[in-house]
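These are my notebook entries on a structure that was new to me. I set down what I looked up, in the order in which I looked.

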Amino acid sequence: MFKHLLVPIDGSDVTKKSLKNVLDLAKKDGASITLVYVSDPMPPMVYSDSSLGYGFSQRDHKKACDAFAKNLFKNALAVLGAGVTVRTLHTFSPSLAGGVLDAAKKAKADAIVMASHKRTGIKGVLLGSQTNEVIVHSSLPVIVLG
């Protein structure tokens, strides 16, 4: 049914558990997988005890994000094993959902497979649902794993 799945990962337990289901889906359809990690392009401002803050340079921020993404991809690839073709894509976007949608275009995916964190109550209101944002704005099918 699908030949190229885009799978956003974030290193959470929810994402790790969903990779087994992604693997099953990819094997059934003979699909390849592109793992994507979306980083915020803005470096964080870290405050110390004083009123002056310490900021990270854009270069240091990118380097740290690249190292984090590389480690996430390594761990995800270990879960997925060698039975399927897997590519990786690290992208920067101020919006996670926007980054996922842009990555889907760049990777030429024909479906997006996302794990849902199932946030409810006040957490759901305050944190929002990135999965919902992707569903609403995607022109591709979005498969949500719970």
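Entry 1, terms and source. I took contact to mean heavy atoms within 4.5 Å. Axes are lines fitted to C-alpha atoms, for helices over the stretch in contact, and angles run from 0 to 180 degrees between N-to-C directions. Helices (H or I, at least four residues) and strands (E, at least two) are DSSP runs, numbered from the N terminus. I noted that the model is predicted, that local features need pLDDT of at least 70 and side-chain atom pairs pLDDT 80 or more, and that totals for chains, interfaces and linings use all residues. Residues are numbered from 1 along each chain as its sequence is written, and side-chain values use heavy atoms, with hydrogens and water left out.

I found five helices and seven strands in the protein chain. Along the sequence, I read the pattern β-α-β-β-β-α-β-α-β-α-α-β. Of the 146 residues, 36% are buried, where buried means under 20% relative accessible area, exposed over 50%, and partly exposed in between (1.4 Å probe, protein chains only). Among contacts between residues at least 6 apart in sequence, 75% join residues at least 24 apart.

In what order do the five strands of the open sheet lie? I read the order as β5-β2-β1-β6-β7, with parallel pairing; two strands pair if DSSP finds at least two bridges between them. The edge strands are β5 and β7 (142-145), each pairing on one side only. From one strand to the next, the twist averages 25°. I counted seven bridges between β2 and β5, and there Val38 has Thr91 in β5 as its bridge partner.

Is β1 (residues 4-8) enclosed or open, and why? Five of its five residues are buried, so the strand is largely enclosed by the rest of the structure. In a regular strand the side chains alternate between the two faces of the sheet. In β1, I saw His4, Leu6 and Pro8 point one way, and Leu5 and Val7 the other way. Five bridges join β1 to the parallel strand β2 (residues 32-39), with Leu5 opposite Ile33. Between these two strands the chain passes through helix α1 (residues 13-29), and this β-α-β crossover is right-handed: with the strands pointing away from the viewer, the path from the first strand over the helix to the second runs clockwise. Towards β6 (residues 111-115), also parallel to β1, I found two bridges, and Leu6 has Ile112 as its bridge partner.

I saw α1 lie across β1, β2, β6 and β7, at about 175° to β1. Helix α3 (residues 96-107) lies across β1, β2, β5 and β6, at about 155° to β1. Val14 is in α1 and counts as partly exposed because its relative accessibility is 29%. Its C-alpha atom is 7.4 Å from that of Ser116, 102 residues away along the chain.

The 23 residues of α2 (residues 58-80) should span 33 Å at 1.5 Å a residue, and the end C-alpha atoms are 32 Å apart, which agrees. The expected span is 1.5 Å times one less than the number of residues. I listed buried residues of α2, among them His61, Cys65, Ala69, Leu72 and Phe73. Their cover includes α1, β2 and β5 (86-92). After α2 comes Gly81, with a positive phi near 75°.
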